[in-house]
Amino acid sequence: MTNSRTPTPPHSIIGQRVPKLDAMDKATGRAEYGHDIHLPGMLHGKILYAGVPHARILSIDASRAKKLPGVKAVLTGADDPAYKFGYAGDNTALKQDKVRCRRDEVAAVAAVDEETAEEALELIKVEYEELPAVFDPVEALAEGAPRIHADKRNNLFTRYDYSHGDADRAFDAADVVVEGDYELPYVTHAAMETAFVLAAYDFQGRLTLWSTTQIPFLLQRDLATALGIPGRNIRVIQPAIGGAFGRGLDVYPFEPIAALLAKASGKPVRVAFTREEEFHASAVRQPARVHIRSAAQRDGTLWAREARMVLDAGAYISWGAVTPLVMMETVASLYRVPHAHFVADVVYTNNLPTGAMRGYGNPQSTFFVEAQMDELAEKLGMDPVEFRLMNANLPNTETPQGLKITSCGLRECLTEAAERIGLGKPKTQIPNPKSQVEHPISNLQSPIRRGKGIAATLNVGGGARIYRSDGCGATVKVDDFGRVVLVTGSTEIGQGSETALAQIVAECLGVCMEDVSVINSDTSVKPWDVGTHASRTTFIAGNAAWLAAKDAKRQILEAAAKMLGVAPDALEIRGRLVYGPDEKSIAFDKVVRSMHYREGGAVVIGNGWYDPPTKLVDKDTYKGNISAAYGFGAQAVEVEVDIETGRVRVLKIVAAHDVGRAINPMYVEGQIEGGIQMGIGYALTEELQVREGRVLNPTFLDYRVPTALDMPQIETVIIETTDPEGPFGAKGVGEMGGTPTAPAIANAIYDAIGVRLHQVPMTGERVLRALKDRQLHITNDK
């Protein structure tokens, strides 16, 4: 269903359900992923991890490994140039004197095959002096706690402290206040393809990397830092990528290790993670402990929020340390809230490092913010949908945090989701949601309870300026035969962005989709882009592609105008023909050929660069407009809860999302439905079990990702609000599909059985414990 408040002009390609450009290659197995690449003489690299959480390295004996037949290179910290890299500049490729977590890299080998490389690792002997370790972030902040990094004063990496209004006085003046503690777990990306890198040097000493990165140009810069070589001597090629979800947003030790092995061996070296490595050596979503309180006035006005939290960053700082910027956005700007205070401590521990993951802090913060929206509504005696509608964000407004909201369909999203799931109706018309389902084979009382819940979300939809530049470049080339090639800086990670960009170019130039191809995989060819993150590609890269196509179109129309004897603005291109005002036409490719088949001719190359009108948030106040547009959404769910086992089953989800304009509705639906799958996992099953820095469930047997059999009926509702800054009105949608899912499920569980869960995943065991605690509380009150 598409609901457009602003009428949009008719288009021939924009808004069409065009198949992905690489669909057949992927469906038939022709697509070449990193794991498929084999270069002549290629070696296989393997990494030896510390296995201890905190220790001094006393000695490393690699002599036996070096003598093993088939081994071509063995490296330890002594062979590492020890240039520090990473977000905080606190990491090195191979550790020299100290390890700070179990996954620290202490040695690496390159051999003729994986089996030989693994055997060589077993022959390396490392002697450690174990040191006291700290695994609890609160304990890590205590006086006298073991220091993870000796050059730091303590284990506090940074504190975020944001406020607007006067939260303390607001809570004193509020009519209704709710508060609670929430615990959020480690979660891993679970991409189908594990992390991969292939490094090779040419005879001029230039490095080429084939990588699953999401940030090819930033990886060039970061690798230059890690290896101590000029960035101009590094080329990054991206093969087909089998999922990323934020995993590839930083440089990690395995990438410079592969380059060091290639340098030492003189051969290309491939490092491909096993599934177990993917669990314990990839940066994961950081856990958090949160205390939040929310307040409202008796008339239903949302009045104040205050959230305080501690985040476990692990032993090294990656982009997970920046997620509080997004979390504070939810606390301070989801709905109209006049008073807000947000404090987050990011803490070093001896646990595994944490990084960016889809949603980038928003699934966490939306969980506790939307849970308390329901609690406030209940305390006020209001319908939860009515309460949200009353306080919803509005178009063409600015939040106290400085977010400039242009297009906004939050009210429409809430209304559509609620109506389609059956929420928000007068109580007399709603069957008792806690009523028992009749047992199918007897007159016995069934243990099954049903409930419905809703939650909303606010997400950046027009980039996110976390770097000085949030821009992207694009080039559009048109050849003699009317074939159009878009060379874009953006990265395709399976989300379908290259097809959406091709649609934008085809629509602008008036050609057919089959006339457009996309090149986006080689830093030596494509223009600069900051990377694929923050749901930015359709918006940022789409605007760049549109500008490049517009430039190419201008050149073509100027040439056609001379051929037809009319003004350029009197012409239009459609169906591979250039039409004049009297419908006289000339072939598109003929015009292009005429431009260089003459003296002083030129080829058709259009250039585009788009950097959104945003700014970095103020480093002291954390205020500012970080994105050029904001996406909104609401999800309503119906669940069944078995009060004997605690098992929760999601029956249906209605997902209504404001996407500005759907360039390709099929991909919008796919992004939302894929996000819901991750959201259901976050809500009910997925938790990386980490004890004393060790991952206890590093397999898909024990780390429970929802499968197709676990998915409920999903009804996707596309709300179109036509953003004024987006290409053809589009906004980003990549992350918000999974953001409101968990709180909507939590609110539905409460509707079903009357208990609120403050910890995810909401497993059967935790549901039963909550039921028992409620019963005990009732008994004690009697």
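Let's start with the largest nonpolar core. It holds 133 residues, and Phe342, Phe368, Ile745 and Met762 touch the most other members. By nonpolar core I mean a set of buried Ala, Val, Leu, Ile, Met, Phe, Trp, Tyr and Cys residues joined through side-chain atoms within 4.5 Å. Buried means under 20% relative accessible area, exposed over 50%, and partly exposed in between, with a 1.4 Å probe and protein chains only.

A word on the source. This is a predicted model, where local features need pLDDT of at least 70, side-chain atom pairs count only at pLDDT 80 or more, and totals for chains, interfaces and linings use all residues. Residues are numbered from 1 along each chain as its sequence is written, and side-chain values use heavy atoms, with hydrogens and water left out.

Take Phe368. Leaving aside residues up to four places away in sequence, Phe368 touches Tyr182, Leu184, Val290, Ile292, Ala307, Met309, Met327 and Val331. Contact here is heavy atoms within 4.5 Å. Apart from this core lies another, of 50 residues, among them Val476, Ala541, Ala544 and Ile663.

Now strand β15, residues 302-314. Of its 13 residues, 11 are buried, so β15 is largely enclosed by the rest of the structure. Helices (H or I, at least four residues) and strands (E, at least two) are DSSP runs, numbered from the N terminus. Two strands pair if DSSP finds at least two bridges between them.

What joins β15 to strand β14? There are 9 bridges between β15 and β14 (residues 288-296), and the two run antiparallel.

To strand β16, residues 339-348, β15 runs parallel, with 10 bridges. Asp312 has Val347 in β16 as its bridge partner. With helix α9 (residues 323-333), β15 and β16 make a right-handed β-α-β unit. Right-handed means that, with the strands pointing away from the viewer, the path from the first strand over the helix to the second runs clockwise.

Next, strand β28, residues 648-658. Here 10 of the 11 residues are buried, so β28 is largely enclosed by the rest of the structure. Strand β27 (residues 630-642) pairs with β28 in the antiparallel sense over 10 bridges. Val641 stands opposite Val648 in β28. Their hairpin has 5 residues between the strands, and Gly646 has a positive phi near 80°. Strand β31 (residues 713-720) runs parallel to β28, joined by 7 bridges. Ala655 stands opposite Thr716 in β31.

On to an open sheet. Its 4 strands have the order β22-β21-β20-β26, with mixed pairing. The edge strands, β22 (516-519) and β26 (604-610), each pair on one side only. Strand to strand, the twist averages 20°. Helix α14 (residues 537-564) packs on this sheet, touching β20, β21 and β26, and its direction makes about 145° with that of β26. Axes are lines fitted to C-alpha atoms, for helices over the stretch in contact, and angles run from 0 to 180 degrees between N-to-C directions.

How far does α14 reach from its first C-alpha to its last? The 28 residues of α14 reach 38 Å, close to the 40 Å expected at 1.5 Å a residue. That expected span is 1.5 Å times one less than the number of residues. Gly565 follows α14, with a positive phi near 70°.
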